[in-house]
2 protein chains.
Amino acid sequence: MTAPSRDECLALDRADPLGRCRDDFALPPGVVYLDGNSLGALPKTALHRLDEVARVEWGRDLITSWNKHGWIDLPRRVGGKIARLIGAEADEVIVADSTSINLFKVLYAALDLRKERRTILSERANFPTDLYTVEGLIRTLGGRHRLRLVEPADLPTALNDDTAVVMLTQVNYRTGALHDLQAVTAAAQTAGALMVWDLAHSAGAVRVDLNAAHADFAVGCGYKYLNGGPGAPAFLYAARRHHAAFNQPLTGWLGHADPFAFEPSYRPAPGLGRALCGTPPVLSLAALEAGVDGVLAADLQALRAKSMALGDLFIAAVEGQGGQRLGLTLASPRNAAERGSQVSFRHAQGYPVMQALIARSVIGDFRAPDILRFGFAPLYVRYVDAWDAAHALIDILETQAWDRPEFKRRSAVT
Amino acid sequence: MTAPSRDECLALDRADPLGRCRDDFALPPGVVYLDGNSLGALPKTALHRLDEVARVEWGRDLITSWNKHGWIDLPRRVGGKIARLIGAEADEVIVADSTSINLFKVLYAALDLRKERRTILSERANFPTDLYTVEGLIRTLGGRHRLRLVEPADLPTALNDDTAVVMLTQVNYRTGALHDLQAVTAAAQTAGALMVWDLAHSAGAVRVDLNAAHADFAVGCGYKYLNGGPGAPAFLYAARRHHAAFNQPLTGWLGHADPFAFEPSYRPAPGLGRALCGTPPVLSLAALEAGVDGVLAADLQALRAKSMALGDLFIAAVEGQGGQRLGLTLASPRNAAERGSQVSFRHAQGYPVMQALIARSVIGDFRAPDILRFGFAPLYVRYVDAWDAAHALIDILETQAWDRPEFKRRSAVT
C-alpha cells in the first residue's frame, strides 16, 4: 500500500467504527501508546471497579463478600468471559495465577495424558519463559522428558511418535509472526501429540477459535490486549473432553471439590475448577474483568480488521519515507494475515532509537538484540497514531537524535 | 481472669497505646469484625495507594512504570518489609504467587537439599491446603516420597533419619494453638531434617523470629493479619544460607538472572529472586504494601500484648456468663502464650450460631465440624468489641436465636 497522508489518517479515524472505544480508556494526552502488547491501557471502568471492590466489597462487606459479591466465582466468571474471545465454552476457561504457572499445569496435565511419550516440541524463538517453564517441569519430573526446539518450518517433520506435546506461542513476541492455530493443532494431533497454545499476544487482538481448531490446552495473559492491569492474573483453557482426566501438580484448596469442607485429602473439583490452586488476587481480578468487558463490548471482526490496517499503514508510512535506507528492516510478516497485532523492525541502534522515541512520547519497546516493537491495540490506537509514530521514527533516524548518552543507558526493564 | 464490665472495656480502649490505629482502617460502623484472621480490614492508605497505582502509574505512565515507579522491585521491596515482621533479613523474604504455590516451591527446594530422605512430616490437623500441596508435589516427583501425619505431641518421636522436611503451620487454623517455632525447628534440624513453617496466621499477629530460631524456609499469607486485601500475594522466606542451592520447579522469566535478556535457557537469579516466576499482580501487591506498612507502623510487642489480652478478655466474658452451660467448649489453649491471635469455641450448633452472630454484625467464621472462630486483630479490634461479641454470643445461645432456617442454609463460602 502507499502511505496515506496525515489528513487521510484523521479521516480514517473519523470513519472508524471502533473510534469511540478510545474514550473508554484513560490515556495520557499527547502520548502515542504502542505498547499495549506488553501492558494494555487503563479502561476507565477499571478505576471505578477497583474503587468499588476496595471500598465497598473489601472495606464495608469484608469477609462476607466471598458470597455477597461473588468473589468465589470470579475465576470462573472472568474465565467464562475470556472464553468468548478465544472460541471456547464458558466452562473451558478459568482465570488463575500467572501465564507461566498455568503453563506448568497444562504441560503436566498433557504429559500425564501421554505417559508413553517423552518429547515436548517447541520452536527455538518461543517466548523464553515458556521454555524455562518446560525446563523446570522436566527437572521436576525427574529428567525423563526432553525439550526439542526447532525452526517453525521444521515442526511438521519433527513430529514423531515420541512427541507428547507441541507447545507454541501463537504470536511470536519478537516478530509478531502468527502460527496457523488450526493447521498446527491438526498436525500435532495427527502425530498423536497434544497441543498447548500460549495465547499471550493473541487474546483480544487476533481471531482465536480454539474449539473450531479442536485445541487441547491453552494459556494466556490478562495484562496485554485484555487490558487487565499490570500483572493481571492469567487464564487457562482445557477442552471439555480433557476435564475428567485433567491432573495438575499445584493442588491447592481452591481446586478442591469442596474447599470449605477442609477435608484432609485432595479431591479435585469437577471440571476446570481443579486448575485453581490458592486464593486469587481479587483486586487484580476485578480490574481484569473490567478490561475483558471492554474488549467484549467491541466487534471482534472489526478489531482484527483495524489491527491489520494499522500495521499495514505503519509499515507503509515507515518504508514510504525511506525507513529501509535508514537501516530499518521489517522483522514482521508483510502480509497482515500472517501477523499478530504488532509490527517489528530491526535496527542496529534499536535500543537508543526506542529510548529516543519514548522521549518523544511514542511508546513502543525494545527486544534484544535489535528489535523495535510497536503494538497496535485496535481498541484505542488511532490511524493517526500509527502515522505520527512512523514519522517520529524516521525523524529520529534522519537527525540521529538517538545518538545521546541518556538513550544508551540501560534501565532495569527494557 | 474475671470478665471486666463494658465500662472497664471502654476504659481499656481509652488507655490502649494502639487505640488510634483503628482510625487507619475503613471499618463499617456498628460492625464487630473478628475475622481479620481470614481477611484483614481495609487500611485507608490502601484506597489511596490503589487509586494512585491505577490512575497515575498504570493509566498515565503505562509501561514505563516498571522502572519509573519501581514495579520491578515490588516483590523484593514488600518482601523486605515483611521480613521485619518475622525476624528475617530483607533479602530473605520475597512476595510472590499464593501461599500454596510458595509452599510447593520451598518443599521442592527442601526435598532437593535432602535427596537421600523420603518423608515429609506434618500434623494431622494442619491446614488442608498445605497437605494437598504435599500430595501434589509427591505425585509430581514420582511417588517416591510420603507424607506422614501425626499428632503434635508425637512429632519428636516421629522424627527419624528418613525425615526430609517437617512442615507445620505455626498457628493452627481451627484452634489457634501455637507451635514453639524455636523448639520444633531445633528438633527437626537435630534429626537432620529441614523445617518449613507456614506463617499464615502468624505474620503480623504473633512474635515470629525466624532467624533467631535458625529457621530454614517459611511461607505466609498477605490477606490475613497483614491486611493486604482479598487474595493478596503471599510471601516466601528462605534463610540466606540456603539461597545458593535453592532450586524451585516454577522457573519463570521473573526468576531469571537477567529477565530482559530473553536468554533461551533458564539461569536462576542470585539470591531469592529465583523464587519468582511470572509477572506479579501489581495492583494487589500495592494494596499489600499499604497493609504491611500499617503493621510496621505499630509496636510489635504492643500488638502481641493486646492480642493476648483481647483473647483472655473474650474467654472470660464468654465463660463468665455461662458459656459452658450453654454448650460452648473452649477449643483454643487457655494460656495466651500458647495461642495465636484467635479464640475458638466448639458448639454443636456452630454453623447457625455463627450465622446468627453475623446477622447481628458480629463477624467471625465457622470451621467444620463445630468451630466458632473469633480473630482478634489487635490493630483495629477494641476491648469493647470483644465484650460485645461475647455478650451477643451468649444472648444468641440463651434465646436460641440461631434456631432459624435462614441461619442453617449453607452458602458457598462458610
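Predicted model: local features only at pLDDT ≥ 70, side-chain atom pairs only at ≥ 80, totals over all residues.
**Exercise 1.** Work out in which order the seven strands of the open sheet in chain A are arranged, and why one side of β2 and of β4 is left without a neighbour.

*Solution.* Step one is to read the strand order, which is β2-β8-β7-β6-β5-β3-β4 in chain A, with mixed pairing. Step two is to look at the edges: β2 (93-96) and β4 (146-150) of chain A stand there with a single partner strand each, and therefore one side of each has no neighbour in the sheet.

**Exercise 2.** Determine in which sense β6 and β7 of chain A pair, and which residue is the bridge partner of A:Trp197.

*Solution.* Strand β6 (residues 194-198) and strand β7 (residues 217-220) of chain A are joined over three bridges in the parallel sense. Within β7(A), the residue bridged to A:Trp197 is A:Ala218.

**Exercise 3.** Describe how domain 1 of chain A meets domain 2 of chain A.

*Solution.* The domain assignment divides chain A into domain 1 (6-30 + 299-408) and domain 2 (48-296), whose C-alpha centres lie 30 Å apart. To the contact, domain 1 of chain A gives 17 residues and domain 2 of chain A gives 14 residues. On the domain 1 side, α10 (300-320) and β10 (342-346) of chain A each supply at least two residues, and the largest share, three residues, comes from β10(A).

Key. Residues numbered from 1 in each chain as written. Chains lettered and ligands numbered in written order. Pairing = 2+ DSSP bridges. Helix = DSSP H or I, 4+ residues; strand = E, 2+ residues; numbered from the N terminus. Domains from an automatic or database assignment. Contact = placed C-beta atoms within 7 Å.
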